Amino acid sequence: MAFQLEALPYASDALEPHIDKETMEIHHDRHHQAYVDNLNKAIAGTDAENLSLEEIVKNVSKYSPAVRNNGGGHFNHGLFWSVLGANAGGQPTGELAAAIDEAFGSFDELKKKLQEAGAGRFGSGWSWLIVGADGKLAVTSTPNQDNPLMDVAEVKGTPVLGIDVWEHAYYLKYQNKRPAYLEAIFNVINWDAVAERYAAAKK
């Protein structure tokens, strides 16, 4: 069964003014679609055709660079769209907030670490909040379309929040000002969606 691109879970202008409509349309409809199309080409005729995206990603060292790049691109963007939303932002609550305080001392410190991980990533990549094997939260960063689920990742874990720092995620509005984008995106992070992922990851 070939992978397919799911529609955005909100309108393409829903994240205005923090992420503009044109960026969302190009990012989702063109970039993400290309990852899906190229992943399907890369796995055609291989055992990966019968696997879930997560299974492919977790054992990505078995596959070609095209599967790694495009499988990661599809997985990462699917997660990215799901943890953003209109009328979002603010701060997490409940168990997630308590886990953040335990791991980082405060929400402000988590925000700083995520921003530093994204700003410090040379070239293209991602900043992540993950649940590690010890069940605790950690911040990490990966290059290109890698992610912490991959068996090739330096720091492994289950991602519950990913922030895309490829230029195509922000360049139309923020140009070369990645830190400004990394500040603005906190206005559209859906912490309820992150909390759901956290609850599932620590089971």
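Predicted model: local features only at pLDDT ≥ 70, side-chain atom pairs only at ≥ 80, totals over all residues.
1. A quick definition to start: two residues are in contact when heavy atoms of theirs lie within 4.5 Å. Leaving aside residues up to four places away in sequence, Arg68 touches Val60, Gln145, Asp146, Met150 and Val152.

2. Where does Arg68 sit? Arg68 belongs to helix 3, which covers residues 65-82. Arg68 has a relative accessible area of 29%. Buried means under 20% and exposed means over 50%, so a value in between counts as partly exposed. That is why Arg68 is called partly exposed.

3. Now take helix 3 as a whole.

4. Next, the charged pairs. How many salt bridges does a search of the whole structure find? The search finds six. Three of them are worth a visit, and Arg68 takes part in one: the side chains of Arg68 and Asp146 meet in a salt bridge, with N to O at 2.7 Å. This pair links distant parts of the chain, since Arg68 is in helix 3 while Asp146 is in the loop between strand 2 (137-143) and strand 3, 78 residues apart. The two side chains also make a polar contact, again at 2.7 Å. Is Asp146 buried or exposed? With a relative accessible area of 9%, Asp146 is buried, whereas Arg68 is partly exposed.

5. Compare that with Glu54 and Lys58. Their closest N and O atoms are 3.4 Å apart, and the pair forms a salt bridge. Glu54 and Lys58 are four residues apart in helix 2, so about one helical turn separates them. An α-helix has 3.6 residues a turn, so residues three or four places apart point the same way. Both partners are partly exposed: Glu54 has a relative accessible area of 39%, and Lys58 has one of 38%.

6. A further salt bridge joins the side chains of Glu95 and Lys202, at 3.1 Å from N to O. Here too the pair links distant parts of the chain: Glu95 lies in helix 4 (residues 94-104) and Lys202 in the segment after helix 8, 107 residues apart. Glu95 counts as exposed, at 54% relative accessibility. Lys202 is partly exposed, at 39%.

7. Finally, the record. An unreviewed UniProt entry annotates residues 3-84 as "domain: Manganese/iron superoxide dismutase N-terminal". Over residues 3-84 the chain is 57% helix and 0% strand, with end C-alpha atoms 22 Å apart. For residues 92-197, UniProt lists "domain: Manganese/iron superoxide dismutase C-terminal", also from an unreviewed entry. Over residues 92-197 the chain is 40% helix and 20% strand, and the end C-alpha atoms are 13 Å apart.

How values were computed
Residues numbered from 1 in each chain as written. Heavy atoms only, no water. Helix = DSSP H or I, 4+ residues; strand = E, 2+ residues; numbered from the N terminus. Buried < 20%, exposed > 50% of the residue type's maximum accessible area, 1.4 Å probe, protein only. Polar contact = N/O pair within 3.5 Å; in protein donor to acceptor, adjacent residues only side chain to side chain. UniProt positions renumbered as here; feature names shortened; annotations may be inferred. Salt bridge = Lys/Arg side-chain N within 4 Å of Asp/Glu carboxyl O.
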